Amino acid sequence: MRMTFGVSSSVTLLFDFWDVHSPAGMVVSVLVVLLLTVFYEVLKVWRLWLGNPSKLTQPQSPYDAPSSHCDSISVLDSSPSESSLTPIASVVTPQSTRNSWLLHIIQTVLHMLQVSLAYMLMLCVMSYNTWIFLGVITGSVLGYFISFPLLGRM
């Protein structure tokens with residue numbers, strides 16, 4: 001096995017059955033690796049989005065002021081008073097505990113998938129085929145370009 005980059009249309013990627021011997025096979029393999037890399041970048045953003053605290057996963061503070069959306073109420077009437085700082089009934093329910101466990105399990109499975117995919121892409125690059133390497137780089141750039149602007153909208 002050579003340890004330098006080469007330009008060839010013949011390579012074996014990850015498994016014995018993924019054996020490429022033609023330019024058309026190389027094009028298909030580069031596209032598959034590119035799509036796997038785009039999926040990897042989207043998966044990173046998806047895990048960040050799931051880990052982002054939201055009103056569904058974060059318990060409400062027992063001292064939150066009641067919200068009012070009426071425009072006719074004056075500023076003094078809508079400001080928190082002593083009565084609005086009294087503890088509200090506990091929000092922690094078995095349903096929210098179950099949701100947090102479900103979210104944790106989903107994040108764990110996604111982490112396992114992300115790490116597995118990252119190692120597989122690394123092994124693809126370690127085939128030292130220039131076309132596969134360029135497919136991984138291009139997929140990473142494209143995945144970042146597509147998915148990371150979505151983080152600003154969260």
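The sections below cover the basis of the model, the chain as a whole, a helix packing and a salt bridge.

## Basis of the model

The model is predicted, so that local features need pLDDT of at least 70 and side-chain atom pairs count only at pLDDT 80 or more, while totals for chains, interfaces and linings use all residues. Residues are numbered from 1 along each chain as its sequence is written, and side-chain values use heavy atoms, with hydrogens and water left out.

## The chain as a whole

The chain has five helices and two strands, taken as DSSP runs numbered from the N terminus (helices H or I, at least four residues; strands E, at least two). Read from the N terminus, the order of these elements is β-β-α-α-α-α-α.

Of the 154 residues, 21% count as buried, where buried means under 20% relative accessible area, exposed over 50% and partly exposed in between, with a 1.4 Å probe and protein chains only. The chain exposes about 11100 Å², 69% of which is supplied by carbon and sulfur atoms, the areas coming from the Shrake-Rupley method with a 1.4 Å probe. Among contacts (heavy atoms within 4.5 Å) between residues at least 6 apart in sequence, 73% join residues at least 24 apart.

## Packing of helix 1 and helix 4

Helix 1 (residues 23-51) and helix 4 (residues 130-147) pack at an angle of about 35°, with their axes 7 Å apart; axes are lines fitted to C-alpha atoms over the stretch in contact, and angles run from 0 to 180 degrees between N-to-C directions. The crossing of helix 1 and helix 4 is right-handed, a term used when the near helix is turned clockwise from the far one by less than a right angle.

On the helix 1 side the contact includes Met26, Val30, Leu34 and Glu41, and on the helix 4 side it includes Trp131, Ile132, Leu142 and Tyr144. The residues of this contact divide into twelve nonpolar, eight polar and one charged, with Ala, Val, Leu, Ile, Met, Phe, Trp, Tyr, Cys and Pro counted as nonpolar, Asp, Glu, Lys and Arg as charged, and the others, Gly among them, as polar.

Glu41 lies in helix 1 and is buried, at 5% relative accessibility. Leaving aside residues up to four places away in sequence, Glu41 touches Ser140, Gly143, Tyr144, Ser147 and Phe148.

A search of the whole structure finds one salt bridge, defined as a side-chain nitrogen of Lys or Arg within 4 Å of a carboxyl oxygen of Asp or Glu. Glu41 forms a salt bridge with Lys44, the closest N and O atoms being 3.2 Å apart. Because Glu41 and Lys44 are three residues apart in helix 1, about one helical turn separates them; Lys44 is partly exposed, at 26% relative accessibility.
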